[in-house]
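Trainee: Could we go through this structure together? I would like to learn how the labels are given.

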Amino acid sequence: MRRALTLALKGRGYTRPNPIVGAVLVKDDRIIGEGWHKKFGDSHAEVNAFTSALEDSTGATLYITLEPCSHYGKTPPCADLIIKKKVARVVCAMQDPNPVVSGRGLELLQSHGISVTVGILEKEAKKVNDIFLKYIVYQTPFVLYKAAMSLDGKIACYTGDSRWVSSEESRKDVHKLRSVYTGIMVGAGTIIADNPRLTARIEGAINPIRIIVDGNLSIPTTARVFKEKGRNIILTTSDASNSKKNEFENLGAEIFCYDSSFIGKVDLKKAMIGLGSLGIDSILLEGGPTLATEALKAGIIDKVRFYYAPKIIGGNQAISSFVGKGVPTMDKSLLLNDVSYETLGEDFVIEAYLRKPYKLDALN
């Protein structure tokens, strides 16, 4: 199953909005075939495992990271193929939460006399497919907030200088993330201050959809994002001038208004529903502390990834990842689950999931 999970990761960024899936075919304690879902619309992991099989699969055991589909989509049902191949046993990491599958594939296998085991490395399988698991159930994007900071928690000096907080290895890792997530979101302040390209600068990578939160349309039309290939979406409000909206639309940008109860402020929760309806299943949040804080207040952040550099910036005017007063007491602090650690170059990386639901009124 660990091998199957490793194979599944090879499909990251290419199968969306489908899940990433890996499969390993075993017979007489030997791996005779393996595969993964390589690209949306292409053969599923099970099909690729059978295609690569070195011998007949009759009586074999199939290890699969997600329940085999039992419905017709872009490809025929995998459950039917497994039955046809006369597999004796299927070991599945987790049931598919997709309402059109949701246990039906496993039931179909069992009804044809195939032994089924579910729940092997289920926790790991859910982390591998965290984007799919949220989007298929709630139809809103999975949001990862990433930030690079010093050991004392500063993302920039008091002057605003932040090049570079993290190591080259960490910056390369961020470009990999950009190729995995469907959208990348920043605020107007980031566009004005840094004029970023917001692209995944890796050979063969798919660039994310650029999403800019700008309640008053204050960003310049000369920003570099409008010169890059791909989609630009601007989340704004009805308070923004129509002439500015027309200017950005003439540049090819898509304009969506999501008014909050505050003048000129975008309602991020409503925006996630709208972006989800456009098929955007995941967002890498790279905005500054203002947008990050608003996203946290709106309850849209699902996971955080912090790159800690072995540096100390210091100063009470240096910039932190979140702004405002914060929580008043420790018992109101936001808690994280499933914390993992790794090193990239000289940096120390922490990734964790927000424990939900969290108390939004605790944030000031």
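Mentor: Let's start with helix H5 (residues 122-128), where Glu122 and Lys126 lie four residues apart, about one turn of the helix. Helices here are DSSP runs (H or I, at least four residues), and strands are runs of E with at least two, numbered from the N terminus. This is a predicted model: local features need pLDDT of at least 70, side-chain atom pairs count only at pLDDT 80 or more, and totals for chains, interfaces and linings use all residues. Residues are numbered from 1 along each chain as its sequence is written, and side-chain values use heavy atoms, leaving out hydrogens and water.

Trainee: What makes Glu122 and Lys126 a salt bridge?

Mentor: A salt bridge needs a side-chain nitrogen of Lys or Arg within 4 Å of a carboxyl oxygen of Asp or Glu. For Glu122 and Lys126 the N to O distance is 3.6 Å, so the pair qualifies.

Trainee: Why is Glu122 called partly exposed?

Mentor: Buried means under 20% relative accessible area and exposed over 50%, with partly exposed in between (1.4 Å probe, protein chains only). Glu122 has 32%, so it counts as partly exposed.

Trainee: And why is Cys69 called buried?

Mentor: Its relative accessibility is 9%, so Cys69 counts as buried.
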